[in-house]
2 protein chains.
Amino acid sequence: VKESNAQDKAGFAAAVQEAAGYLASSRPTAVNLFWALKRVQQAVAAAATDDVAALKELVLKEALAIRDEDEAMCRAIGEHGAALLNDAAAVLTHCNAGTLATARYGTALAPVYTLAARGKVLKVFADETRPLLQGARLTAWELHQAGIPVTLITDNMAATVMARGWVQAVTVGADRITANGDVANKIGTYGVAILAREHGIPFYVAAPASTFDLSLASGDQIPIEERDPAEVSHFGLRPIAPEGISIFNPAFDVTPYRYVTAIITEKGVIRPPYKQNIARALSGESRGY
Amino acid sequence: VKESNAQDKAGFAAAVQEAAGYLASSRPTAVNLFWALKRVQQAVAAAATDDVAALKELVLKEALAIRDEDEAMCRAIGEHGAALLNDAAAVLTHCNAGTLATARYGTALAPVYTLAARGKVLKVFADETRPLLQGARLTAWELHQAGIPVTLITDNMAATVMARGWVQAVTVGADRITANGDVANKIGTYGVAILAREHGIPFYVAAPASTFDLSLASGDQIPIEERDPAEVSHFGLRPIAPEGISIFNPAFDVTPYRYVTAIITEKGVIRPPYKQNIARALSGESRGY
């Protein structure tokens, strides 16, 4: 978009739309991306100028505003979530929804960072999160950098960690939340939610308002991206499974709302019944998905 | 033991005991190994000869007898389990308890092989089973070799496979089963058992009588082997996690009996209440752990 040769607003808006369409096609499941792209497009549409240089400036300004709001949003999630985790000694998280995935504090880890800044350091158990190992490569790294004690486990060890009483809460991010409170997030989240409930451990989803998609009534309407089987069958270039077998590689799953103890947003903590409380918490917002 | 220079029965028995002690020290959790070692030692103790060559022959004979009985045992488990899986179109399994882990048919997979031999081919979903990937490297391989359609998934995809209604049963092996029916098996089994119950899917444990340890009242008395953190933090020699973090790497977990739908043994299918029914099924056996 920055390099666009468009001569007027219509041409530039078309270039923005093309770029947005390309970016939107990258991942079907997460909805914040669509929200941010739409917001930039709307800013261009609403502009009262035909000057392309000014429109480019506007796009940059809008993107930076989104980033700044993202940082403020993460901080607000951290504040609201800190109250929920205040009595925990350790939490378990899945995938990465921290500093590396967002501006500043992240979502799932924001309450942990907020508490650490207040001098209360929680331990974090990080699921490695196969197949792409975001927990091992990103979550463990950023927590360790921040001086927060992190213990890495394989995904299938979460149940045993819970059974031993080592974690008092689970906190994860979200890629899309539907009107009824169903949560799409990284593959494996649904299983962790079931295990948490079975062990009487609260399961918290931390996500900004832009993650909610009120156009969908429930999670079974969320498209689930399936990715290259080689992510499972190979480790880098090295095969770890025989050739010729089938592989199922969904990148996300849907956690039904009944497993979710609360959703932590920048606007506050949303609890069941979700349908009413989500609508109320987000009211006044014009999201326009 | 074959190369022992012992001159008499006492010396040879000491050599057998030393070898058995070494082998027993290899893994603390599985109990069949201890059972087989004890059985060989008892055969030597009961022998009425001082001739070391004859005693060596006896050890070999006993080992081969155990192998043949193992094969017959796997076939019997296959027969008993086939009746339970007859109406299933697909099953999910964790780790490897098939041909590669036993003599012939295996335990967890024996019913699948038995049904296949009868012309009824089930689909199998194989958890890859981190960290050592027995599901990807062994289970997927042996099923594919046998012409049974296998779909490999990462461990954290099991819940989604169940939610989609793709499997009608779970079948796993066991390393030790206590008097109350608690089951120690490869790490991750406990989580799969919880997920199965949550989805109303029967959870079957297939294991020979030698897996039962009636000297232990419940699973919390089973020692759980913890292994090298590098199994989790590295892939081969390649690091996949930052240095300096903690890693928890238990090789097994314990599934409480209440999650186990039935235990398939060579003596028949054992159902709850386990305490009475295990004792009854194994009565007449002198196991002498």
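Two strands pair if DSSP finds at least two bridges between them. Strands (E, at least two residues) and helices (H or I, at least four) are DSSP runs numbered from the N terminus.

The structure is a predicted model, in which local features need pLDDT of at least 70 and side-chain atom pairs count only at pLDDT 80 or more, while totals for chains, interfaces and linings use all residues. Residues are numbered from 1 along each chain as its sequence is written, chains are lettered from A and ligands numbered from 1 in the order written, and side-chain values use heavy atoms, with hydrogens and water left out.

**Stop 1: the four-stranded sheet of chain A**

Select S8, S5, S6 and S12 of chain A; in that order they form an open sheet with mixed pairing. Strand S8 (212-213) and strand S12 (252-255) of chain A are the edges, each with a single partner strand, so one side of each has no neighbour in the sheet. Now show S6(A), residues 183-186, which runs antiparallel to S12(A) and is joined to it by four bridges. Within this pair, Ala184(A) has Val254(A) as its bridge partner.

**Stop 2: the eight-stranded sheet**

Next select the open sheet of eight strands, ordered S14(A)-S13(A)-S7(A)-S4(A)-S1(A)-S2(A)-S3(A)-S11(B), again with mixed pairing. Its edges are S14 (268-270) of chain A and S11 (246-247) of chain B; each has a single partner strand, so one side of each is left without a neighbour in the sheet.

At the S14(A) end, S13(A) (residues 262-265) pairs with S14(A) in the antiparallel sense over three bridges. Ile264(A) stands opposite Val269(A) there. Contact means heavy atoms within 4.5 Å.

**Stop 3: strand S3 of chain B**

Move to S3(B), residues 150-153. Val150(B) and Leu152(B) on one side and Thr151(B) and Ile153(B) on the other are all buried (under 20% relative accessible area; exposed is over 50%, partly exposed in between, with a 1.4 Å probe and protein chains only). In a regular strand the side chains alternate between the two faces of the sheet. S11(A), residues 246-247, pairs with S3(B) in the parallel sense over two bridges, and Ile247(A) has Leu152(B) as its bridge partner. S2(B), residues 123-127, is also parallel to S3(B), over four bridges; here Ala126(B) stands opposite Leu152(B).

**Stop 4: Thr255(B)**

Select Thr255(B), in strand S12 (252-255) of chain B. Is it buried or exposed? Thr255(B) is buried, at a relative accessible area of 0%. A polar atom of its side chain lies 3.4 Å from the backbone nitrogen of Tyr190(B). Leaving out residues up to four places away in sequence, Thr255(B) touches residues including Asp182(B), Phe203(B) and Val260(B).

**Stop 5: Leu195(A)**

Finish on Leu195(A), in helix H7(A), residues 189-198. Leu195(A) counts as buried at 7% relative accessibility. Not counting residues up to four places away in sequence, Leu195(A) touches Ala158(A), Ala159(A) and Met162(A), as well as Gly191(B), Ile194(B) and Leu195(B).

Notes:
Polar contact = N/O pair within 3.5 Å; in protein donor to acceptor, adjacent residues only side chain to side chain.
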